[in-house]
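Please look over the model below before reading my points.

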Amino acid sequence: MSDQAPSSGNGEDKFLVVSNIEVIYDHVILVLKGVSLEVPEGGVVALLGANGAGKTTTLKAISNLLRAERGEVTKGSIRFKGESIAKRSPNDLVQRGIVQVMEGRHCFEHLTVEDNLLTGAYTRKDGREAIQSDLDLVYSYFTRLKERRKSQAGYTSGGEQQMLSVGRALMARPSVILLDEPSMGLAPQLVEEIFEIVKRLNENEGVTFLLAEQNTNVALRYAKYGYILETGRVVMDGDAKTLSENEDVKEFYLGISGERRKSFREIKHYRRRKRWLA
Amino acid sequence: MSGEALFFLEVVISGLMAGVMYALVALGFVLIFKASGVLNFAQGVLALFAALALYDFIAPGGWVDDLFGFTFPIWAGIILTVGVMIIVAWLIERLVLQHLVQQEPIILFMSTIGLAYILEGVGDMLFGSDVKPLDIGIPQGASDWLLDNYGLYVEKLEVFAALTAAILVIVLAVFFQKTRIGRALRAVADDHQAALSVGVSLRTIWVIVWSVAGMVALVAGIMWGSKSGIQFSLSLIALKALPVLILGGFTSVPGAIIGGLIIGVGEKVAEVYLGPYVGGAIENWFAYVLALVFLFFRPQGLFGERIIERV
């Protein structure tokens, strides 16, 4: 798995390939302008970028939660295990093994923690015992959830809710989890804890992750490969290590400036934009 | 017991029984509102439609009798009517809701008003508009036992209706709390998006919830129909359900029940004891005034879902 760069070809036998998609909301607002990326089986891939760069939209295009928000993939293709999935319904995709954990956690507030988890297994047809054993598995990763299994999810802490939403996704037995902004609103220690669990899930359970993050630092430490999005385009991609050593990434996303400031004129488009926003 | 107190008790009981009817209709509202955020104006018409369908399956002189020369036994008629209500729910999802999913709540609300009139029209066309007595063998008349022992006049039908409503609520509660579909329904009520993300199909859920509302409507239709005949004014009790919902909270099943009972008792007591002073007919507007007062002090209703806010 040393080289995870997207290779050429039509992606027939690849795990998850997004090629050149355009997404339009409400028939007028163009949000993604040709995003391509590839997620290898068993990989952890990070989608990085600022607010409004198109990270969430990319994830929702894959899970097809876009349609509920009047969004639409108008160009390009999304293939999962060789099959085009652009027109599939979200519940069909969950059954095929693609589950999204939405930004802002989205737990079922009035349901208990355990009911939340069980709802995650809604699409499964492999029986009560299998679901029960997965419930135990989730509890073994998220011990805090077990302690709070009978409380209403709305009354648990932010960290617990984030764990719950990841645990709920796991209950569907996914092969890939699209994890949107898991660090949002959490203390650094908790962020670390959650990423540790992601890593363990990836290594021990073989779950593939595609995660969108603004916290570039953490994301690049745990991901193997990264894509940087800006205003609906991929502007850079590479191994996590390469990215975190890249001067531009360091300056704009990691907040470390190695060299002296150059003139604005020399800066590439995406960097200039960044300065303006900063 | 003195005559005075006895009379009061009778008024309260008859109010409770009317309240059960309101509660049954309000229950249908709550189910659909929770699952889809749609205020279903057609709930009253669903009750009418269900009662009409049932009548035509089982009554001599109904459709089935006219066409085939026989009538179904009551139990078969009820099962068939449940089937009809499921088909109606499916059609509503297919023809109306599916196309309006992403629209504003007010547009969905208006579509249910349209739906109410369409259903009423179709019901009129299919079943005719005359008042039909519905008799499914529910005991009629006063309970002799209560009359003999306590001098209390209580309709058997009303007791029967109350018991049925209680059983219905228990069945629904178990369905919601213990089954996979029930859990999914509660999940959808909480967060549509999250429900979608775990693979719950909203379309399936909507068909289910409209079917369940249709069955609740059938029970309401049977009770009203047995009491005062199946007539088109039945669809107007949907309007009575609105104050019940404001009182009980739009998202609460127990709220619909308690709200229904309060409105039922309140308007009967007001009618009997206050009516003479203001010239009567309090029953027609009492519920709405009560609801208005309630809106001032507790807009989420008695049992409206508490908005969870972590501090």
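The numbered points below cover the basis of the model, strands, salt bridges and helix packing.

1. Basis. This is a predicted model, in which local features need pLDDT of at least 70, side-chain atom pairs count only at pLDDT 80 or more, and totals for chains, interfaces and linings use all residues. Residues are numbered from 1 along each chain as its sequence is written, chains are lettered from A and ligands numbered from 1 in the order in which they are written, and side-chain values use heavy atoms, with hydrogens and water left out.

2. The open sheet of chain A. Six strands make up an open sheet, ordered 6-7-8-3-9-10, with mixed pairing. Strands are DSSP runs of E of at least two residues, and helices are runs of H or I of at least four, both numbered from the N terminus. Pairing requires at least two DSSP bridges between two strands. Strand 6 (98-101) and strand 10 (233-239) of chain A are the edges, each pairing on one side only. From one strand to the next, the twist averages 15°.

3. Strand 6 of chain A pairs with strand 7 (residues 176-180) of chain A in the parallel sense, over four bridges. Gln100(A) stands opposite Leu178(A) in strand 7 of chain A.

4. Helices on the sheet. Helix 1 (residues 55-63) of chain A lies across strands 3, 6, 7, 8 and 9 of chain A, at about 150° to strand 7 of chain A. Helix 7 (residues 188-205) of chain A lies across strands 3, 7 and 8 of chain A, at about 155° to strand 8 of chain A. Axes are lines fitted to C-alpha atoms (for helices, over the stretch in contact), and angles between N-to-C directions run from 0 to 180 degrees.

5. Strand 1 of chain A. Eight of its ten residues are buried, so strand 1 of chain A is largely enclosed by the rest of the structure. Buried means under 20% relative accessible area, exposed over 50%, and partly exposed in between (1.4 Å probe, protein chains only). Strand 1 pairs antiparallel with strand 4 of chain A over eight bridges. It also pairs antiparallel with strand 2 of chain A over eight bridges. Val18(A) has Ile78(A) as its bridge partner in strand 4 of chain A, and Leu37(A) in strand 2 of chain A.

6. The hairpin and Asp26(A). Three residues separate strand 1 and strand 2 of chain A in their hairpin, where Asp26(A) takes a positive phi near 55°. Asp26(A) also forms a salt bridge with Arg70(A), the closest N and O atoms being 3.7 Å apart. Arg70(A) is in the loop between helix 1 and strand 4 of chain A and Asp26(A) in the loop between strand 1 and strand 2 of chain A, so the pair ties together parts 44 residues apart in sequence. Arg70(A) is partly exposed at 36% relative accessible area. Asp26(A) is partly exposed at 39%.

7. Other salt bridges. The criterion is a side-chain nitrogen of Lys or Arg within 4 Å of a carboxyl oxygen of Asp or Glu. Arg96(A) and Glu83(A) form one at 3.1 Å, N to O. This pair links helix 2 (residues 90-96) of chain A to strand 5 (residues 83-84) of chain A, 13 residues apart. A salt-bridge network links Glu83(A), Arg88(A), Asp92(A) and Arg96(A).

8. Between chains. Which residue of chain A forms a salt bridge with Arg183(B)? It is Asp115(A), the closest N and O atoms being 3.5 Å apart. The pair runs from helix 8 (residues 180-190) of chain B to helix 3 (residues 113-120) of chain A. Arg183(B) is buried, at 14% relative accessible area. Asp115(A) is buried too, at 15%.

9. Helix packing in chain B. Helix 12 (residues 253-278) and helix 13 (residues 282-297) of chain B pack at about 125°, with axes 8 Å apart. Contacts (heavy atoms within 4.5 Å) include Ile262(B) of helix 12 of chain B and Phe286(B) of helix 13 of chain B. The axes of helix 1 (residues 3-36) and helix 7 (residues 156-178) of chain B come within 9 Å and cross at roughly 30°. Among the residues making this contact are Leu24(B) of helix 1 of chain B and Ala165(B) of helix 7 of chain B.
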